[in-house]
Amino acid sequence: MPEYRAILYNPVTKTSLSGGLELLDTWSAEDGSWVWLDISGNADDAEYQLLIERFGIAPLAIQDAHRERHPPKLEFFTNQIFIILRDLLGEDENLQHGISQLALFLGPNFLVTRHLQNVHAVESVTERVQSKPSLMKAGPAHVLYLLSRRVADNYAPVVLELEERLAELEDLVFERPGDDVIELITRYNRSLKRLRRYLAYQRDVMAQLSRPSTALPVKLNTHELNDVFENMERLTSLCQLNQELAVDLLNTHFSLISHRLNHVMRILTITTVIFLPLALLAGIYGMNFEFMPELSWHYGYFGVLGAMLGIVIVLIAIFKHRKWL
């Protein structure tokens, strides 16, 4: 069963009433009043009938509004505008943010918002207009702006927080690179990619509303919507910059790991090269052949040790000259 919340504004008395569907019976376009109807929860046949008969909303648009996941979109009808936005929910342990879809139907004297889950923007704007009824004076298009701006504002702290976390990860890359750092950078990069995609869709919607190419079915304040567009454009650009930074950090991390691995391999190679001729000498004189002239030499043992020491000194000198050590 869906839940209905309505706010009816009367321009004559400059007051607003809050309630449910009963307010629609007192709503009339002739006296200049307008209504904001917010619907949440699972849909039923009665809701379909209400939206079609009372507000003249197209059935296909209603189906899109009821979908749990739908890309942000903008669609114009004869006497109304249909918009789908995505508001942010909380963050999970994988640094992924939940999304709550918000559908808006804007007419000359009504605004219908439809969502399945809780939407922070709706709750915030509802509290504002109930505590300050004068916000309803500008009409439903202004409330649409307030909702859109609230959605954009909800993205801002998330994007800025990810930017701060990336700055901390930049220090970790140089201090203690490891698998945990790679995992964190990859998660941040994935989260920024998703946020950038959500913001880019909604930025395009606001661009079409603030710079319409044709006459709109409902009069809008393009300056207000341009403000939302600029905020979403700025956040989209910031996500892109931070995503590029995350990729750079990942590449830097791999470069540092590769450099350290090369250094270790160089030390091991040099050690092997030094001990290889020593092992060769030890192997030769460790053979049990009867006729080995050096075995009867009084100073043979010390001679072989001296040769080994000389080989070590010469090889180390060569490596230092070539700056391998």
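Begin by selecting Asp 180, which lies in helix α6, the helix that runs over residues 179-210. As the model is a predicted one, what follows describes computed geometry. With a relative accessible area of 40%, Asp 180 is partly exposed.

Next, clear the selection and show the aromatic side chains. The structure holds 4 aromatic pairs, and one of them is formed by Trp 27 and Phe 55, whose ring centres are 5.6 Å apart and whose planes stand at 25°, so that this pair counts as stacked, the cut-off for stacking being planes under 30 degrees apart. Trp 27 is found in the loop between α1 (23-26) and β3 (34-40), while Phe 55 belongs to helix α2 (residues 45-55), so the pair ties together parts that are 28 residues apart in sequence. Switch to a surface view for both residues: Trp 27 is buried, at a relative accessible area of 10%, and Phe 55 is likewise buried, at 4% relative accessibility.

The crossing in which α2 passes α3 is right-handed. To see the contact itself, display Glu 47, Tyr 48, Leu 51 and Ile 52 in α2, which meet Pro 59, Ile 62, Gln 63 and His 66 in α3. Coloured by class, the residues of this contact of α2 with α3 divide into 5 nonpolar, 2 polar and 1 charged.

For the last stop, select helix α4 (residues 120-131) together with helix α5 (residues 140-175), which pack at an angle of about 130° with their axes 9 Å apart. That angle makes α4 oblique to α5, and the crossing of these two helices, α4 and α5, is right-handed. On the α4 side, display His 120, Ala 121, Val 122, Ser 124, Val 125 and Arg 128, and on the α5 side the residues that they meet, namely Val 143, Leu 146, Leu 147, Arg 150, Val 151 and Asn 154. Colouring by class shows 7 nonpolar, 3 polar and 2 charged residues in the contact of α4 with α5.

Notes
Residues numbered from 1 in each chain as written. Predicted model: local features only at pLDDT ≥ 70, side-chain atom pairs only at ≥ 80, totals over all residues. Heavy atoms only, no water. Axes fitted to C-alpha atoms, helices over the stretch in contact; angles between N-to-C directions. Helix = DSSP H or I, 4+ residues; strand = E, 2+ residues; numbered from the N terminus. Parallel < 35°, antiparallel > 145°, perpendicular 65-115°, else oblique. Left-handed = near helix turned anticlockwise from the far one by under 90°. Contact = heavy atoms within 4.5 Å. Nonpolar A, V, L, I, M, F, W, Y, C, P; charged D, E, K, R; others polar. Phe/Tyr/Trp six-rings, centres within 6.5 Å; stacked < 30°, edge-to-face > 60°. Buried < 20%, exposed > 50% of the residue type's maximum accessible area, 1.4 Å probe, protein only.
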